[in-house]
Amino acid sequence: MAYLVSHPDEVKVVSRRFGLGAANLDRYLELDGYKAVQKAITMGPDAIITEMKASKLRGRGGAGFPTGMKRSFVPKQSPKPKYVLCNGDESEPGTCKDRLIFEHDPHSVIEGVMIASLAVGAKTGFIYIRGEYRYLVEIMERSVADAYARGFIGKNIFGSGIDLDIFVHSGAGAYEVGEESALMESLEGKRGVPRIRPPFPAVVGLWGGPTVINNAETLASVPHIILNGGEWFANLGTPRNGGTRLFCMSGELERPGVYELPMGYNLKKMIYDVSGGMIKGKSLKGVVPGGSSVQILTPDEIDVGMDFDQVLKAGSMLGSGGVVVIDDQMCIVRFALRVARFYQHESCGWCIPCREGTDWMKKTLVRFHSGGGVAKDIDNLKYLAENMLGRTFCPLGDAAAMPIISYIQKFRKEFEDHLDGKPCPYEKVHEAALV
Amino acid sequence: MKFSDQLEQRFAAMVTHYPTKRSVLVPMLLYIQDELGALNDEAIHEIAERTELSELEVRNVISYYSMLRTHPIGKYNLQVCTNVSCLLRGGEEILEHCQKKLGVGNKQTTADGLFHMEEVECIGACSWAPALMLNYEFHENLTPQKIDELIDGIRKKEHQ
């Protein structure tokens, strides 16, 4: 369903099988399918984790935590069952990559879950997919059933004596559930409210058992690392940032799409070369490099390598890989309002700074955008956002506050242009946006 | 309330996947809703019994998830994304076009019960924006013309 694009600079690892019919198990087997898990069985847990560490793979959900290290936190002995949980609750605005993985290479996710389970000694894996992605839930259910039918999962996998079950689980609409502790709550049949940490999921997770939680793209990278070696994967990227990444290019670009590029690939090239630059008649105003939760970069800040460390140094975050390109015809206040409305809608209400803060930010921006703003609103908005930072159980509060602060810091003039009872000077105000 | 054979099979399989019964709740509620159109009192009572929860606890969970509802809506749910990537490519204009075309506001159903329309958050179609979901079906790279064709096509099919 989702369209594929390609560019000569791409290095296809996770997207290697896209468009090749690999959702069919026989086809997947022709394309080296289920070889990695067999190799992993012969390697054993310690060697798998060593390879994962060597790969410098970092979590593709957004936080960028080293995957190998995360797995090493799981206790070897546990009185409670251990679990592996695949986070396929992709909902970060600007992000549409996991959709392609589930659609085009579902067995790679299953294999990733299997290898993670072998690494930590888990006997059960869950693949949680957001409820809106029903067709992908169906693809994954079919793929899991196919793998069971061949005996790849279930009892005594590949004659190893190891039993391993994998189940697909559908969500029902909630951005917040993409946060790992809220994800576990949701899987347990509850409201997706975050848990306080420590203890971390690797020690106390699903039903109190140690749990490894990885993003779908992270897990889909794992079989390739096992087959080709951690060092090979690490060398595709930059120091401390191994491998490649699916970058979701969106906005008024000539060739938007999902491209797999090496970690550290230049953002400016990603926009002007890979994605063909801005469409005719529009120019670049700013870039949100990692989903709506991260700080905006101005056109003179985008000559940066896209890995976790370099983007952080440039004042933003690599996040989810959702590169949202903002053109000169978009009003930043309108953009800020849309972002604020999103977080207000998605805040679970558990922590007061987030629940109240997102609501105030939205209300202020609604008034501001429609011409009712006063000068002190700008600083109040920034003050409000700054007081949400670090004061919530989960990162949603930060995710709501950080972008707003950056819009004000970098585009203050656009906010000032909305003062003195003037409606938006840049474009028509849409009634739909003011609810 | 009696579950359909299909729901019964699903429930029987799912309940074996988890150490606690209530873990089936979120997906089961969605599957029940798909069949009934909404989670009515009988359905809530039934799932509460089966998961050994109070009805209040089930309602508490329902109220958290944006896709779950306790009242029926139109047969075709038009969910228009206006989040950032769609916004940049005319998502709000698409939303307004849908509202005008159907003659209803946000979260409203047309008088004939055919269409429901709502503005939704990011649906993961960012690189193919603007986009909407028609029930579970993605429609991407939208234009007002495509919307007209989609809606007119459904009306024609339904009125035949």
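1. A crossing is called left-handed if the near helix is turned anticlockwise from the far one by less than a right angle, and right-handed if clockwise. By that rule, helix 15 of chain A and helix 16 of chain A make a left-handed crossing.

2. This is a predicted model, where local features need pLDDT of at least 70, side-chain atom pairs need 80 or more, and totals for chains, interfaces and linings use all residues. Residues are numbered from 1 along each chain as its sequence is written, and chains are lettered from A in the order in which they are written.

3. Confidence: the model has ipTM 0.97 and pTM 0.97. Chain B has a mean pLDDT (the predictor's per-residue confidence, 0 to 100) of 96, with 100% of its residues at 70 or more.

4. Geometry: the axes of helix 15 (residues 375-386) and helix 16 (residues 396-410) of chain A come within 9 Å and cross at roughly 150°. The two helices are therefore roughly antiparallel (angles over 145 degrees).

5. Helix contact (C-beta atoms, placed from the backbone, within 7 Å): helix 15 of chain A brings A:Ile378, A:Leu381, A:Lys382, A:Ala385 and A:Glu386. Helix 16 of chain A answers with A:Ala401, A:Ile404, A:Ile405 and A:Ile408. By class, seven are nonpolar, none polar and two charged.

6. Chain contact: 42 residues come from chain B and 55 from chain A. On the side of chain B that touches chain A, helix 2 of chain B gives the largest share, five residues. That side of chain B has 25 nonpolar, 11 polar and six charged residues.

How values were computed: Axes fitted to C-alpha atoms, helices over the stretch in contact; angles between N-to-C directions. Helix = DSSP H or I, 4+ residues; strand = E, 2+ residues; numbered from the N terminus. Parallel < 35°, antiparallel > 145°, perpendicular 65-115°, else oblique. Contact = placed C-beta atoms within 7 Å. Nonpolar A, V, L, I, M, F, W, Y, C, P; charged D, E, K, R; others polar.
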